[in-house]
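Here's a quick walk through one model, with the cut-offs spelled out along the way. Have the coordinates open while you read.

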Amino acid sequence: MMIDMAELRQRFSERQYKLTPQRQIILQAFIDHQDKHLSAEDVYTIVRKQSPEIGLATVYRTLELLSDLEILQKLDFGDGRSRYEINETNTPHHHHHLICLSCGKVKEFEDDLLETLEAVIARKSRFKIVDHQVKFYGYCRECQEESDDP
């Protein structure tokens, strides 16, 4: 699903926060790269082309605020860098991730086969599950092909 700036403005308004020009530029980086999981450094590289006055500290502060406001989802793929993506609030479960241990590429998949398992766990444990995340670690096709080359 594609999210646009109008929807993000609405989310800011609902939370009674101001959408400053810097925040808008940083959010635009996520809109323009919705297929990516961006780190603060990735965002900084993108936004400084348009607005060189935005510093890395501003990017970090803004990402934390956007995460706290649940506009961005903060992700940890075990590589020592937090990554972010737009939080799609209208989906009951987040998509899941395939993470390549060689090149670090992250691929999303939507197949939610865990709903049956989730229902069993909830019933047996009497625990109300509201969400889950799954991360699979392995090797992408390109890295597998490189390792197969003589």
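## Salt bridges

Let's start with charge: lysine 36 and aspartate 35 meet side chain to side chain in a salt bridge, 3.9 Å from N to O. The term stands for a side-chain nitrogen of Lys or Arg within 4 Å of a carboxyl oxygen of Asp or Glu. By that rule there are five salt bridges. Lysine 36 is partly exposed, at 43% relative accessible area, and aspartate 35 is exposed at 55%. (Buried means under 20% relative accessible area, exposed over 50%, and partly exposed in between, using a 1.4 Å probe and protein chains only.)

A word on ground rules: this is a predicted model, where local features need pLDDT of at least 70 and side-chain atom pairs count only at pLDDT 80 or more, while totals for chains, interfaces and linings use all residues. Residues are numbered from 1 along each chain as its sequence is written, and side-chain values use heavy atoms, with hydrogens and water left out.

## The network around aspartate 42

What links Asp42, Arg81 and Arg83? A network of salt bridges does. The side chains of aspartate 42 and arginine 81 meet at 3.8 Å, N to O. Aspartate 42 sits in helix 3 (residues 40-50) and arginine 81 in the loop between strand 2 (72-76) and strand 3 (82-86), so this pair ties together parts 39 residues apart in sequence. Helices (H or I, at least four residues) and strands (E, at least two) are DSSP runs, numbered from the N terminus.

The other salt bridge here joins aspartate 42 to arginine 83, with the closest N and O atoms 3.9 Å apart. Arginine 83 belongs to strand 3, so that pair ties helix 3 to a part 41 residues away in sequence. Is arginine 83 buried or exposed? Arginine 83 counts as buried, at 12% relative accessibility, whereas aspartate 42 is partly exposed at 26% and arginine 81 is partly exposed at 33%.

## Histidine 37

Histidine 37 is in the loop between helix 2 (21-32) and strand 1 (38-39), and it is buried, with a relative accessible area of 8%. Its side chain makes a polar contact of 3.0 Å with the side chain of glutamate 85, and another of 3.1 Å with that of histidine 97. A polar contact is a pair of N or O atoms within 3.5 Å; within protein, one must be able to donate a hydrogen and the other to accept it, and residues adjacent in sequence count only if both atoms are side-chain atoms.

## The nonpolar core

The largest nonpolar core has 24 residues, and Ile26, Leu27, Phe30, Val43, Val47, Val59 and Leu63 touch the most other members. (Such a core is a set of buried Ala, Val, Leu, Ile, Met, Phe, Trp, Tyr and Cys residues joined through side-chain atoms within 4.5 Å.) Helix 2 gives the largest share of this core, six residues.

Beyond residues up to four places away in sequence, phenylalanine 30 touches Leu38, Val43, Leu63, Leu72, Tyr84, Glu85 and Ile86, where contact means heavy atoms within 4.5 Å.

Strand 4 (residues 96-100) and strand 6 run parallel, joined by four bridges. Cysteine 100 has glycine 138 in strand 6 as its bridge partner.

Technical notes: Two strands pair if DSSP finds at least two bridges between them.
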